[in-house]
Amino acid sequence: MAQKSLVLYFSLYGDTQTMAELLGRITHGTVVPLQVETPFPDDMNAVNDVAEAQRAKGTFPVLAGPLPPVQEYAIVLLGGPVWNGHVATPLRRLIQDTDFGDVPVAPFYTYATDPGDYAQEVNALLEPGSRASLGMSDETVKKTNQATAELQKWWDTVRPQ
């Protein structure tokens with residue numbers, strides 16, 4: 001297995017994208033955004049309504065475009081926003097459809113106010129290959145130096161040896 005990282009993320013408003021790009025620089029990894037076939041509404045309240053309906057039905061959005069084969073990477077850093085205390089539904093789709101095999105997955109996430117039980121939820125979805133997750137408030141992400149320092153510390157704990 002190659003000793004490289006894949007930073008795979010979904011971002012609706014840009015904070016998770018910023019975090020992913022910082023991680024790409026820190027890890028010298030491949031950064032790939034997840035896209036959905038049907039875009040979400042612009043209004044966060046409407047997004048929450050759509051996501052709640054998707055979670056209730058267990059029908060998550062279809063991802064657009066091909067993704068790199070995760071087996072070619074030493075680790076996957078999987079990022080997304082917290083949606084009403086839950087894993088964003090595009091990430092749920094990815095986790096549902098992807099066989100990570102022996103490749104460890106380290107989740108990262110952004111949140112506006114309260115991440116709720118996001119870390120426990122995402123780790124449960126990714127078991128047994130999940131490594132320690134890192135959550136960061138949108139405000140911290142905007143403070144590039146602080147965010148970079150926190151991401152570097154996290155990377156030092158989850159990186160493959």
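**Figure 1. Pairing of strands E1 and E2 in the predicted model.** In this predicted model, Val-7 stands opposite Val-31 of strand E2. The two strands concerned are E1, covering residues 5–9, and E2, covering residues 30–33; they pair in the parallel sense over four bridges. Together with helix H1, strands E1 and E2 make a β-α-β unit that is right-handed.

**Figure 2. The largest pocket and its lining.** The space in the largest pocket amounts to about 320 Å³. Two or more lining residues are given by each of helix H1 (15–27), helix H2 (44–57), strand E5 (75–83) and strand E7 (105–111). Strand E5 supplies the largest share, with three residues. In total, 19 residues line the pocket, and those nearest its centre are Met-44, Val-82, Tyr-111, Ala-112 and Asp-138. By residue class, the lining holds eight nonpolar, eight polar and three charged residues.

Figure 3. Six aromatic pairs are found in a search of the whole structure. One of them joins Phe-10 and Phe-40 in an edge-to-face arrangement, with 6.1 Å from centre to centre and 65° between the planes. Phe-10 is located in the loop between E1 and H1, and Phe-40 in the loop between strand E3 (35–36) and H2, so this pair ties together parts that lie 30 residues apart in sequence. Phe-10 and Phe-40 are both buried. A further aromatic pair, formed by Tyr-109 and Tyr-111, is tilted, with 6.3 Å between the centres and 40° between the planes. Tyr-109 and Tyr-111 are buried as well. Phe-10 and Phe-40 also belong, with Trp-83, to one aromatic cluster.

**Figure 4. Helix H3 and the setting of Gln-96.** Seven of the nine residues of helix H3 are buried, so the helix is largely enclosed by the rest of the structure. The buried residues of H3 are Thr-89, Pro-90, Leu-91, Arg-92, Arg-93, Leu-94 and Ile-95. Gln-96 also belongs to H3, which covers residues 89–97. In sequence, Gln-96 and Phe-60 are 36 residues apart, and their C-alpha atoms are 9.1 Å apart in space.

Figure 5. Most residues other than glycine have a negative phi, and most peptide bonds are trans. The peptide bond from Glu-127 to Pro-128 is cis, with omega near 5°. Pro-128 is part of the loop between helix H4 (118–126) and strand E8 (134–137). His-28, a residue other than glycine, has a positive phi near 55°. The loop between H1 and E2 contains His-28, and this residue is exposed, with a relative accessible area of 71%. Asn-84, which is not a glycine, likewise has a positive phi, of about 55°. Asn-84 lies in the loop between E5 and strand E6 (86–87). With a relative accessibility of 52%, Asn-84 counts as exposed, because the limit for that class is over 50%.

Terms used:
Residues are numbered from 1 along each chain as its sequence is written. This is a predicted model: local features need pLDDT of at least 70, side-chain atom pairs count only at pLDDT 80 or more; totals for chains, interfaces and linings use all residues. Side-chain values use heavy atoms; hydrogens and water are left out. On a 1 Å grid over the protein atoms alone, a cavity is a set of points where a 1.4 Å probe fits but cannot get out, and a pocket is an open set with protein on both sides within 12 Å along at least five of seven lines; lining residues have an atom within 4 Å of a point. Grid points are joined across faces, edges and corners, and a volume is the space filled by probe spheres set on the points. Ala, Val, Leu, Ile, Met, Phe, Trp, Tyr, Cys and Pro count as nonpolar, Asp, Glu, Lys and Arg as charged, and the others, Gly among them, as polar. Two strands pair if DSSP finds at least two bridges between them. A crossover is right-handed if, with the strands pointing away from the viewer, the path from the first strand over the helix to the second runs clockwise. Buried means under 20% relative accessible area, exposed over 50%, partly exposed in between (1.4 Å probe, protein chains only). Rings of Phe, Tyr and Trp (its six-membered ring) pair if their centres lie within 6.5 Å; planes under 30 degrees apart count as stacked, over 60 as edge-to-face and the rest as tilted.
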